[in-house]
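Visitor: I'd like a walk through this chain, with cut-offs spelled out as we go. Can you take my questions one at a time?

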Amino acid sequence: MWFVLSGRSDYWRWWFFVGLAIGLLSKGPLAVVLTVIPLVLWAAIFRQRLQPLKKLPWLLGSLLTLAIAVPWYVLAELKTPGFLNYFIIGEHFSRFLDPGWAGDLYGSAHDRPKGMIWIFWLWASFPWGIIGLVGFGLAAARGKTKDIFTGAVQDASTLYLLFCAITPMLFFTLAGNTLWTYILPSLPFSAILIAGWVSKLDLARISHSAPTTFADQAW
């Protein structure tokens, strides 16, 4: 999607809709939600850079997405009557709104405290998620929090990555029925952000200032 927002060649506009279709086939309507939320948040800040979005072939692209995805849903319903009700209503609404939902055909309800999805993210991203939080905490202690936020807001690509990284957690924060796998869409974006942050560290200065032996540490 970033290739579209950054004004790359036209064919990426069509790949965006193909990607949505693949998401619908692999994860269902949730894939569209996780794609649209970062776009809306990003567009709310970078309103002056919406021209690439306006150039998207929304009508024909949406028809392309439906042409790819809908036949499979129709065939699945014909093969297993009740599939659409279970998958669309049950998996995407009842599971989200009802912590004790008992309609899961392939597992069981997972009633968790609200906000548990953020703990799942820390666990799944270990150790890099914790390293990132510690780094942010150190920056805050040194009074550099404002610089971090200012830099992120001014950098369109970084902010888009950040929105993509936090969207799964934001979406499932109020859900009680969650699994740790729900944060998987966040991990690639989180990894890119943390890797970018680590690459900017002055590792040479850190290595020279760090003690090299146990004796040095004791001293």
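What follows is a chat about helices, aromatic pairs, the core and a few loop residues.

Guide: Ground rules, then: this is a predicted model, where local features need pLDDT of at least 70, side-chain atom pairs count only at pLDDT 80 or more, and totals for chains, interfaces and linings use all residues. Residues are numbered from 1 along each chain as its sequence is written, and side-chain values use heavy atoms, with hydrogens and water left out.

Visitor: How many helices and strands does the chain have?

Guide: Helices (H or I, at least four residues) and strands (E, at least two) are DSSP runs, numbered from the N terminus. Read along the sequence, the pattern is α-α-α-α-α-α-α-α-α-α-α-α-α. The tally is 13 helices and zero strands.

Visitor: What percentage of the residues in the chain is buried?

Guide: Buried means under 20% relative accessible area, exposed means over 50%, and partly exposed is in between (1.4 Å probe, protein chains only). The chain has 219 residues, and the buried share of them is 31%.

Visitor: Which residues touch the most other members of the largest nonpolar core?

Guide: A nonpolar core is a set of buried Ala, Val, Leu, Ile, Met, Phe, Trp, Tyr and Cys residues joined through side-chain atoms within 4.5 Å. The largest one here has 15 residues. H2, helix H3 (30–45) and H10 each give two or more residues to this core, and the largest share, five residues, comes from H10. The residues that touch the most other members are Phe 16, Trp 42 and Leu 53.

Visitor: On to helix H5. How far apart are its end C-alpha atoms?

Guide: The expected span of a helix is 1.5 Å times one less than its number of residues. H5 has 22 residues, so it should span 32 Å. The modelled value agrees with that, at 31 Å.

Visitor: Where does H5 bend?

Guide: The bend at a residue is the angle between axes fitted to the seven residues ending there and the seven starting there. In H5 that angle is about 35 degrees, and a proline, Pro 71, follows within four residues of the bend. The bend is at Ala 69.

Visitor: Which helices do the buried residues of H5 pack against?

Guide: The buried residues in H5 are Gly 61, Thr 65, Ala 69, Tyr 73 and Ala 76. Contact means heavy atoms within 4.5 Å. The packing partners are helix H2 (11–26) and H6.

Visitor: How are the rings of Trp 72 and Phe 83 arranged?

Guide: Rings of Phe, Tyr and Trp (its six-membered ring) pair if their centres lie within 6.5 Å; planes under 30 degrees apart count as stacked, over 60 as edge-to-face and the rest as tilted. By this rule there are 12 aromatic pairs. Trp 72 and Phe 83 are one of them, with 5.6 Å centre to centre and 85 degrees between the planes, so by the cut-offs the pair is edge-to-face.

Visitor: Which helices does that pair of Trp 72 and Phe 83 link?

Guide: Trp 72 is partly exposed at 42% relative accessibility, whereas Phe 83 is buried at 15%. The two are 11 residues apart and link distant parts of the chain. The helices are H5 (residues 58–79) for Trp 72 and H6 (residues 83–97) for Phe 83.

Visitor: And how do the rings of Tyr 73 and Phe 87 pair?

Guide: Tyr 73 is buried at 11% relative accessible area, and Phe 87 is buried at 17%. Tyr 73 in H5 and Phe 87 in H6 are 14 residues apart. Their ring centres are 6.1 Å apart with planes at 40 degrees, so the pair is tilted.

Visitor: Which residues form one aromatic cluster with Trp 72?

Guide: Both pairs just discussed belong here. The cluster holds Trp 72 itself plus Tyr 73, Phe 83 and Phe 87.

Visitor: Which residues is Ser 190 in contact with, leaving aside its neighbours within four places in sequence?

Guide: Ser 190 lies in helix H11 and is buried, with a relative accessible area of 5%. With those neighbours set aside, its contacts are Trp 121 and Ala 165.

Visitor: Is Asp 111 buried or exposed?

Guide: Asp 111 sits in the loop between H6 and H7. Its C-alpha atom is 7.0 Å from that of Thr 178, though the two are 67 residues apart along the chain. At 57% relative accessibility, Asp 111 is exposed.
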